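Please look at the loops and strand pairings of the model shown here, with attention to backbone angles and to the exposure of side chains.

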Amino acid sequence: MSRNRRIPLGSPVIIDTIKGKYNLKNESNKDIAFMPEGVVTAYINELSDQFLIIKLRSSIEIKVSENELSECT
């Protein structure tokens, strides 16, 4: 993960539902895969990685890495 590319809080993002863990193949995450658009609300550091907290349009909050974001972001 690149530490140089930091997405500002409040920025709109789209979760990549093909390469990310939130895809249509996973029944428990289908509601996330159907509406993968949201905004960055926070950052969290865990071990050696930094994750983004995304609040989706469906009001669900999820934790993702920058690698799980769509190229459109």
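Ser59 lies in the loop between S3 and strand S4 (61-64), where strands (E, at least two residues) are DSSP runs numbered from the N terminus. This is a predicted model, in which local features need pLDDT of at least 70 and side-chain atom pairs count only at pLDDT 80 or more, while totals for chains, interfaces and linings use all residues. Residues are numbered from 1 along each chain as its sequence is written, and side-chain values use heavy atoms, with hydrogens and water left out.

Although Ser59 is not a glycine, its phi is positive, at about 70°; most residues other than glycine have a negative phi. Leu47, in the loop between strand S2 (37-46) and strand S3 (49-56), is likewise not a glycine and has a positive phi of about 55°. For the accessibility terms, buried means under 20% relative accessible area, exposed over 50%, and partly exposed in between (1.4 Å probe, protein chains only).

| Residue | Phi | Relative accessible area |
|---|---|---|
| Leu47 | about 55° | 94%, exposed |
| Ser59 | about 70° | 53%, exposed |

Two strands count as paired if DSSP finds at least two bridges between them. S2 and S3 pair in the antiparallel sense over eight bridges, with Asp49 in S3 as the bridge partner of Glu46, whereas S3 and S4 pair in the antiparallel sense over four bridges, and Ile54 stands opposite Ile62 in S4. Six of the eight residues of S3 are buried, so this strand is largely enclosed by the rest of the structure.
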